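Student: Can we go through the salt bridges in this one together? I'd like to take it step by step.

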Amino acid sequence: MRKLLWFLTGVVGGFVLAHLIDKDPRGHEVLTDVDARITEFTDRMSDAYREQESRFSGLVDDVKDAAAAGAEAALAAASDAADSAAAIVDKTRD
């Protein structure tokens with residue numbers, strides 16, 4: 001409980017300090033610069049995330065296509081094997 005109180009005190013103190021700094025024209029300029037840098041950083045991170053997401057999306061689509069092709073080939077092979085087995089059974093009955 002004591003740690004929570006210190007945490008909340010720090011958060012409230014930070015807001016009060018930021019408000020006081022923002023009142024001064026030089027402080028306002030500094031905070032504006034910090035905000036611009038943070039915005040630039042988050043924009044770059046968002047762009048990088050979207051780029052990686054599109055790369056992974058393309059990779060997942062390729063894997064899905066390969067898996068579907070493999071499943072079709074396995075199904076065709078199993079069907080051929082079943083047909084061959086049926087033909088052998090039919091020959092042995094005759």
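This is a predicted model: local features need pLDDT of at least 70, side-chain atom pairs count only at pLDDT 80 or more; totals for chains, interfaces and linings use all residues.

Student: In which helix do Asp-33 and Arg-37 both lie?

Tutor: Helices here are DSSP runs (H or I, at least four residues), numbered from the N terminus. Asp-33 and Arg-37 are four residues apart, about one turn of the helix. The helix that holds both, residues 25-93, is α2.

Student: What is the N to O distance where the side chains of Asp-33 and Arg-37 meet?

Tutor: Side chains of opposite charge can pair when their charged atoms come close. A salt bridge means a side-chain nitrogen of Lys or Arg within 4 Å of a carboxyl oxygen of Asp or Glu. Asp-33 and Arg-37 meet in a salt bridge, with N to O at 3.5 Å.

Student: Does Arg-37 count as buried or exposed?

Tutor: Buried is under 20% relative accessible area, exposed is over 50%, and partly exposed is in between (1.4 Å probe, protein chains only). Arg-37 has 58% relative accessibility, so this residue counts as exposed.

Student: How far apart are the closest N and O atoms of Glu-51 and Arg-55?

Tutor: Both residues lie in helix α2, four residues apart. Glu-51 forms a salt bridge with Arg-55, and their closest N and O atoms are apart by 2.6 Å.

Note on methods: Residues are numbered from 1 along each chain as its sequence is written. Side-chain values use heavy atoms; hydrogens and water are left out. Helices (H or I, at least four residues) and strands (E, at least two) are DSSP runs, numbered from the N terminus.
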